[in-house]
Structures are given as C-alpha cells and as structure tokens.
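Reader: Before I rely on the words used for this model, could you take me through what stands behind them?

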Amino acid sequence: MNNTTRLLYDGLQAAIQAAQAKFCLPNYLPEPPSGRTVVIGMGKAGAAMAQAFEAHWTGSWDRVQSLVAVPYHSVLPTQHIHLVECAHPIPDTASENAAKQMLALVSDLTEQDLVVCLISGGGSALVSLAAPGLSLADKQALNNALIRSGASIQEINLVRRHLSAIKGGRLAAACAPARVVNLLISDVPGDDPTCIASGPTVMDPSTCAQALEVLAHYGIDLPPLAKSSLQNAAWESVKADHPIAKKIQTHLIATPHHALSAARQRFSQAGIPTLYLGDTIEGEAKEVAKVMAGMAQSCSRHAQPYTPPCILLSGGETSVTVKGQGQGGRNAEFLLALLIAVKDQFAITALAADTDGTDGALPLAGAFITPDTWPKALALGLDPLDYLHRNDAHTFFQRIDQSITTGPTHTNVNDFRAIFIE
C-alpha cells in the first residue's frame, strides 16, 4: 500500500474499532434482576459482545444461562457465555439447532427474570428456524435466491421475518412474561431494529402481504404451502399489541454513522477535508459507483463540492444482482465499476470494504484502487468490464493483488467506502 491507501485503510480500522463491543456495550447493561438472567444472542459481533458482557456483568453467574450464535471460525474465549458456531450467509443445521435451543432456553421464564439479547448483523442466517411446514432446504434455497436477486437488505429481512418460527418478534414472544433488553449493533441503513438479524426480539409492523410483494417483484417462487400461508396471513409476525411489547427495551449501542464518524475524524487528523455522504446509501453497487465517479470528477475538474485533495466518505448497503458466475461481493463490485467509470481520466485512490471482514461469499473484506490500477490491469491483459459482467470483481482484485483481508472483525456496521481525489 502507498501512503494514501494506508490512510484510507486507517480510516477503515478506525470505523471498525469504534464499533467494538468492549467500548460501546458496557454503558447499556441493565441491573441484575431478582430472578434468573438469560443471555441470548446472534451475529458477527456475537463473540465480542459476549466477552464485553462477561467483563462488566455484576450479577451472580450462578443465575445466568446463555447461548450466543456466531459464524464459524469467529469464536473468542469466554468463561460463562456459551458460544455456538453456525453458518453464514446461508443457514445450516447448526443454525436450526441454535434456534431451537434458544426457544427452549426462554420457554419457562417468570416476571422476575431478565433476557439480555446481544444481536448484530448476520444473525438472520446464524439462528434460523423455518415456519411450520417449511424445511431447512426450503429456507436455504429462498435465502440464496434473495441474496442473488438484487433485493435490498430491508426487503430480504422483511421476507425472512414472515417465513420464520423465531424472527419477526417470535423469540421475544417466547420470552414472556420476562423483561427483555435488546443490545443491538446495527448493520442496516436507517438502523431499523426489525431489520437487524430480521428482528427476532422486536415487534414487527410489516405484513405477509408485503413479503409476497417483494417475492413477486424479484420473481422468486415459493413452495405451495408457504405461498398459501402468506396469502392467508397465517405466518404473520408479532405486532405491537402483543403483551411482551411493553416489557422490551431496545438500545442501539453501535451504528454505521458512529463508525463512519470515527473514520472522518481520522482523516481530519491527517489534514484531509472529508465530505461525509451518509450511511444509508443503497442501490446496485455498480450504479452507486457511477454516481460516486461523477462526484469525484466534479471535485477534480471544478473543485466542487470540495477542492482536492479531499475524501468522499460513505456507508450503507448496496446490492449485487448476480447474473454471472462470479462470487458477488458488493464492495468489490462497487470498486470495479468505479475503476471502469474513472479509468485514468483523473487521479483517485479508493477503498471499499465490509466492516465485518467478509464481502460476499469469499473471506475478503474488500479491495482498493489507485491511479496505477487501470494501466496495471491492462498490462496484465485483464478486461475489467468482463469481470464486472460476470460479477467476479473479487477475482479481478486478487489477480492484481489489491484485495483487502482483515479476517473476522467481531463487529458489523455495514459498508465503508472512501474515495481520495488528488
């Protein structure tokens, strides 16, 4: 990495660090109850959240039961909180077993008991139990179709909430009459708690009819039983009139905005003006890239809206409609489309990565481009447009040795995109 790329990478690390549970969780821990405490959780930040809970819990561990689901190969040492490894982004039998165990764990609670829920992005797949009549194979096929369809994360999770026996507030309902405290790390644009891990412990205002609309829009077929159950509203999620609703407290302990603000501060310390474009940007990754390229060009040629050198910083969650044989990866696809739009017309350095350390199906966080990337690719005989058409951006960046690998970051506050205009 050159110095400019290193600066952008430092911004990514600042964003990830700001969203670590050890810093943001302790202030939100509730007082121990007179009865039992059950700690349940799911998500890519689950292991770090469990560690932070252990470090700051003041109650008796003799009265604590627990189960937190985390992705494979992301376990951290814990003394009291029980961690289980499950699959992401497509659920597996371990995901199904974790869901059943959690429902059993909260099945006989009283008003004197407390349930603390440690939830972050990725939980939808890690804890997954199909609605009655659907199989795990059905859920896997539907998840895969939704992920590859180009649907937004809000649309995907809306459907998930209505095809589940645990999401859409159903896990919260199972906790009744105990008190429920949600500690959430947001990975979704707008920080809607119903979208974080598909809202297992919050009430859900969306409907079966809306889920059907999403599926129809993207041409995704359902098994006959699932279709009829949605049409008849038999699988409606838990609404605000449920008795448990009054006993739920929800805290957003870390958000994409919080993380990007830390990155912006890092860039400011380096003396680089930074235009913060927000943390809620959505849409097809390659289309978002075209817009960002236009803004970068305006800065370069007209010193508007900022005079170079400057940085355009943004977050959110773009999508990729996978039509080729590639592995997808929205941040890599964004960067490849940005590279194609800019070519060598003006000098930029850019970095895009997922703050959880995994962009798409490969264990790569993202990638970076520099003013030398376009001529470097051509010299190697690579056709960037061909890789984009095949949704194979990660292979392209691996070929030119410009991938970014962080490993599991133990948090998840969505996408990080930074473009440096010289």
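**The sheet and the pocket**

Author: This is a predicted model, in which local features need pLDDT of at least 70 and side-chain atom pairs count only at pLDDT 80 or more, while totals for chains, interfaces and linings use all residues. Residues are numbered from 1 along each chain as its sequence is written, and side-chain values use heavy atoms, with hydrogens and water left out.

Reader: Which element gives the most to the lining of the largest pocket?

Author: Helix 7 does, with four residues; a helix here is a DSSP run of H or I with at least four residues, and a strand a run of E with at least two, numbered from the N terminus.

Reader: What makes strand 1 and strand 4 a pair?

Author: Two strands pair if DSSP finds at least two bridges between them, and strand 1 (residues 37-42) and strand 4 (residues 114-120) are joined in the parallel sense over six bridges, one of which sets Gly41 against Leu118 of strand 4.

Reader: Why is one side of strand 3 and of strand 6 left without a neighbour in the sheet?

Author: The six strands form an open sheet in the order 3-2-1-4-5-6, with parallel pairing. Strand 3 (83-86) and strand 6 (248-254) stand at its edges, each with a single partner strand, so one side of each has no neighbour there.

Reader: How is the lining of the largest pocket divided by residue type?

Author: The lining holds 20 nonpolar, 22 polar and eight charged residues, where Ala, Val, Leu, Ile, Met, Phe, Trp, Tyr, Cys and Pro count as nonpolar, Asp, Glu, Lys and Arg as charged, and the others, Gly among them, as polar.
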